[in-house]
Amino acid sequence: MGTPNKILAFAASNSSTSINKMLVTHAANVLKEEMIATADITILDLNDYEMPIYSTDRENSGGIPEQAQAFYKAIGDADALLISYAEYNGSYSSAYKNIFDWCSRINSEVFQGKPMVIMSSSPGPYGASNVLKTASDSAAYFAADIRGSLSVGNFYDTFDSDKGQLSDANLAAELRAQLAKLV
Ligand SMILES: Cc1cc2nc3c(=O)[nH]c(=O)nc-3n(C[C@H](O)[C@H](O)[C@H](O)COP(=O)(O)O)c2cc1C
């Protein structure tokens, strides 16, 4: 793989105050400012891909919504992905899972072999590590080429929301180490 230039980043959350969106935006900034100066970064908002809850009946009667087609195409158009997962009750947010389920009906290889760094964050000490593990463990089924991962716990103590960057030095170094695996 050459150095990726077109980077797609998103938080797997539909919250307007998403901590995972803050984290993934920071990661994208670090990648561009410190590693790939020419990087063309797109940050998606899951709210732009809201659809009816997936059901086989809906798929059979109406096909796959254009939002799912657009999301799948956005992944296909990217050279690499940055994703930060919100954890709801130990797993994916409903907003993300719905998009993912619809996209998997286009092609089970939702991630289309793209190299990616996956992250997760929560206000608690475990840093949404359950959902990160779920994403990591299932990667092969969905053609996700996971190069690195990072869980950020105690978000409000480890991330400076005003500056939009990690304030914890160890996590800041680890983020850079994981991102470097894409380059
Ligand atoms: C319905 C619900 C379930 C949650 N379950 C978990 C959980 O299982 N593990 C966890 O670490 N945090 C959990 N949280 C707290 C989230 O980590 C926290 O709301 C976080 O801000 C979500 O990420 P986001 O801001 O990027 O949406 C839950 C929050 C909600 C609203």
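# Report on a predicted single-chain model

Asn 154 counts as partly exposed because it has 16 C-beta neighbours inside 10 Å; the class covers residues between buried (20 or more other C-beta atoms within 10 Å of their own) and exposed (12 or fewer), with C-beta atoms placed from the backbone. The model is predicted, so local features require pLDDT of at least 70 and side-chain atom pairs pLDDT 80 or more, while totals for chains, interfaces and linings use all residues. Numbering starts from 1 along each chain as its sequence is written.

Asn 154 sits in the loop between strand S5 and helix H6. The phi angle of Asn 154 is positive, about 50 degrees, although the residue is not a glycine. Ala 143 is another non-glycine residue with a positive phi, here about 55 degrees. The loop that holds Ala 143 runs between helix H5 (129-137) and S5.

| Residue | Other C-beta atoms within 10 Å | Class |
|---|---|---|
| Ala 143 | 15 C-beta atoms | partly exposed |
| Gln 165 | 17 C-beta atoms | partly exposed |

Gln 165 belongs to strand S7. Apart from neighbours within four places in sequence, Gln 165 is in contact (C-beta atoms within 7 Å) with His 26 and Asp 160. Val 110 is 55 residues from Gln 165 in sequence, and their C-alpha atoms are 29 Å apart.

**Overall fold**

The chain contains seven helices and seven strands, taken as DSSP runs (H or I, at least four residues; E, at least two) numbered from the N terminus. Read from the N terminus, the order of elements is β-α-β-α-α-β-α-β-α-β-α-β-β-α. The C-alpha trace extends about 50 × 35 × 30 Å along its principal axes. Of the 183 residues in the chain, 41% are buried. When contacts between residues at least 6 apart in sequence are taken, 77% of them link residues at least 24 apart.

**Helix H3**

Ala 68, Phe 71, Tyr 72 and Ile 75 are the buried residues of H3. Viewed down the axis of H3, they fall within an arc of 95 degrees and therefore line one face of the helix; the arc is that of the directions from the helix axis to the C-beta atoms. Glu 66 and Asp 77 are exposed on the face of H3 turned away from the buried side. The cover over the buried residues of H3 includes strand S1 (6-12), strand S3 (80-85) and helix H4 (94-106).

**Helix H7**

Helix H7 (residues 169-179) has Leu 171, Leu 175 and Leu 179 as its buried residues. Because these residues of H7 fall within an arc of 70 degrees when seen down its axis, they line one face of the helix. On the other side of H7, the exposed residues are Ala 169, Asn 170, Ala 173 and Ala 177. Packed against the buried residues of H7 are helix H1 (19-35), strand S4 (115-121), strand S5 (145-152), helix H6 (155-158) and strand S7 (165-166).

**Ligand surroundings**

There are 16 residues around the ligand, a residue being near when its C-beta atom lies within 6 Å of the molecule. Ser 13, Ser 18, Asn 20, Ala 86 and Ser 122 come nearest to the ligand.

Technical notes:
Contact = placed C-beta atoms within 7 Å.
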